[in-house]
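I opened this notebook to keep track of what I looked up in the model, entry by entry.

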Amino acid sequence: MSFVSSNSFGNSRVRIAVVASALAVAASLLVATPDDADAVKPCRVKTSRHLDSAKHFAGGGVLRRYTARAKGAGHGGYDQSGKVLMATYPKGAFPALINTKIGERKTVGTMAKQQRRRALGAINGDFFVFPDIGGEQNIEMSRGPMVRDGRVIRATSERRRVVGVTRNKQPFGGTFAVRGSIQVAGSRMRIQSVNWHKVKRGGVNIYTSAWSHSTPRPRGRIEWVINSHNKIRAVRSPARNSGELGNAVREGTRVLAFSKSAAEKVRGMRTGTRVRVHMKQSTDSGVKLYTAVGRGLPMIQGGVPAPLGCGAYDHSKAARPRTFVGWDAQHRWRSFTVPGKTFDGIGLRTGGFGLANAANIADSLGMVRAYELDGGGSTTLYTRSRAGKWTRRDLYGVNTSVCACERPMTNGLAFIKR
């Protein structure tokens with residue numbers, strides 16, 4: 001089996017407490033960081049671990065629980081200890097996206113049971129952002145792209161980092177973008193985004209029914225509603241149907257939203273006009289994806305932990321819950337979970353490991369490729385028993401006397417066995 005990888009580069013108090021830090025982290029993670037680590041010295045940290053228990057779950061998967069230690073102080077970090085969990089999924093299993101409509105949230109357990117009932121296990125997915133849409137700032141959605149069952153749910157024409165599988169179900173860790181154009185009446189315009197949280201300039205932005213009806217949608221300067229035959233069903237502009245700009249997208253239609261800079265090219269278009277829509281996936285290696293979810297930094301690359309050097313992981317030296325996803329030398333997908341130690345008084349989870357420390361522990365437990373997913377209070381792991389019972393596993397070693405909160409998410413990964 002060959003692998004495809006990149007060589008280019010709760011409550012209101014809780015929400016207020018995390019918005020600023022989440023936006024800062026999300027912004028830092030969006031910076032194009034090369035997966036290739038040849039130019040830097042990897043951040044090697046001495047670790048040790050003790051196996052506490054092992055448990056089999058559906059399909060032949062194995063969940064191992066450890067007490068681990070990492071001596072990061074010698075590399076500008078911290079010495080840390082705590083619990084970690086390594087889930088090894090059977091050979092042939094692969095991750096599939098679970099998600100809500102854009103702008104909504106559900107727990108990972110709920111999404112997995114409703115959407116991938118026969119999955120072997122499930123983990124949390126992408127980081128999140130709080131965009132300002134129409135003056136409403138309390139909207140949470142995934143930070144990066146999403147591809148579900150080969151269909152683009154969310155993306156931009158700018159390459160962004162993702163992890164997932166190709167249409168041949170081979171692992172992928174690289175960059176992803178949407179490409180294409182619309183053609184109408186002799187004019188051609190580039191596709192700038194699909195279901196993005198703002199209307200990007202210079203072309204057309206496509207919105208679909210994957211966007212929640214209960215969440216405000218960015219308003220184009222001009223909008224066309226096109227039906228399943230790609231004919232313009234309605235035109236919206238400041239002069240025509242202005243009150244409908246930003247309306248929810250009905251099933252069987254799409255909305256083409258144009259920014260102010262692009263609106264001049266499409267003024268005066270009539271209903272009934274046919275639009276040619278050409279849209280395709282674009283990856284750095286040229287493959288097409290079946291599953292994609294936005295990710296953070298590479299944690300292990302070619303069996304090398306923290307490959308970008310200690311400085312690349314400085315933003316997260318402190319002890320935090322973590323989620324990594326990747327695979328081992330036997331071509332099996334794995335998820336690595338750092339549960340943390342307790343909940344504070346407002347439901348945020350604390351304790352765990354810094355990124356470089358956690359990467360070195362995951363490496364010592366057999367991952368040869370791993371990527372960072374969301375962590376902190378988003379950290380979640382479920383497994384399904386052979387009898388079909390779903391069990392939450394990410395609270396191992398966590399003091400739950402305050403709460404055992406499960407944070408609602410916008411997406412995650414469920415592991416499917418062929």
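How many bridges join β2 to strand β3, and do the two run parallel or antiparallel? I found eleven bridges between β2 and β3 (residues 61-71), and the two strands run antiparallel.

Before going further I noted the ground rules: this is a predicted model, in which local features need pLDDT of at least 70 and side-chain atom pairs count only at pLDDT 80 or more, while totals for chains, interfaces and linings use all residues. Residues are numbered from 1 along each chain as its sequence is written, and side-chain values use heavy atoms, with hydrogens and water left out.

**Entry on the hairpins**

I took strands (E, at least two residues) and helices (H or I, at least four residues) as DSSP runs numbered from the N terminus, and I called two strands paired if DSSP finds at least two bridges between them.

I then turned to strand β15 (residues 222-226), which is joined to β16 by four bridges in an antiparallel arrangement. E223 has R236 as its bridge partner in β16. This hairpin has five residues between its strands, and N230 takes a positive phi near 60 degrees there. For burial I used relative accessible area, with buried meaning under 20%, exposed over 50% and partly exposed in between (1.4 Å probe, protein chains only). On that scale, four of the five residues of β16 (residues 232-236) are buried, and the strand is mostly covered.

**Entry on the disulfides**

Taking a disulfide as a pair of cysteine sulfur atoms within 2.5 Å, I looked up the count, which is two. With bonded cysteines counted along the chain, the pattern is 1-2, 3-4.

C43 and C310 form a disulfide with their sulfur atoms 2.1 Å apart. C43 sits in the loop between α1 (12-30) and β2 (46-57), and C310 in the loop between β21 (304-305) and β22 (322-328), so the link ties together parts that are 267 residues apart in sequence. I noted that the link of C43 and C310 is right-handed, with 90 degrees about the S-S bond. C43 is buried at 3% relative accessibility, whereas C310 is partly exposed at 21%.

The other entry under this heading is the disulfide that joins C403 to C405, with an S to S distance of 2.2 Å. The torsion about its S-S bond is about -115 degrees, so the link of C403 and C405 is left-handed. C403 is buried at 16% relative accessibility, whereas C405 is partly exposed at 30%.

I counted a contact where heavy atoms lie within 4.5 Å. Which cysteines does G347 touch, not counting residues up to four places away in sequence? They are C403 and C405. G347 lies in the loop between β24 (342-343) and β25 (349-350), and it is partly exposed, with a relative accessible area of 22%. I also looked up G377, which is 30 residues from G347 along the chain, and found their C-alpha atoms separated by 8.2 Å.

T283 is in strand β18 (residues 276-283) and is buried, at 5% relative accessibility. Leaving aside its neighbours within four places in sequence, I found T283 in contact with R159, F172, T175, F176 and L289.

I worked on a 1 Å grid over the protein atoms alone, where a cavity is a set of points at which a 1.4 Å probe fits but cannot get out, and lining residues have an atom within 4 Å of a point. A volume is the space filled by probe spheres set on the points, which are joined across faces, edges and corners.

The largest cavity holds about 120 Å³ of space. Of the 16 residues that line the largest cavity, H75, G77, K317, A356 and N357 are the closest to its centre.

The second largest cavity has a volume of about 30 Å³, and its lining consists of T100, I102, G103, M141, S142, M146, R154 and T410.

Technical notes: On a 1 Å grid over the protein atoms alone, a cavity is a set of points where a 1.4 Å probe fits but cannot get out, and a pocket is an open set with protein on both sides within 12 Å along at least five of seven lines; lining residues have an atom within 4 Å of a point.
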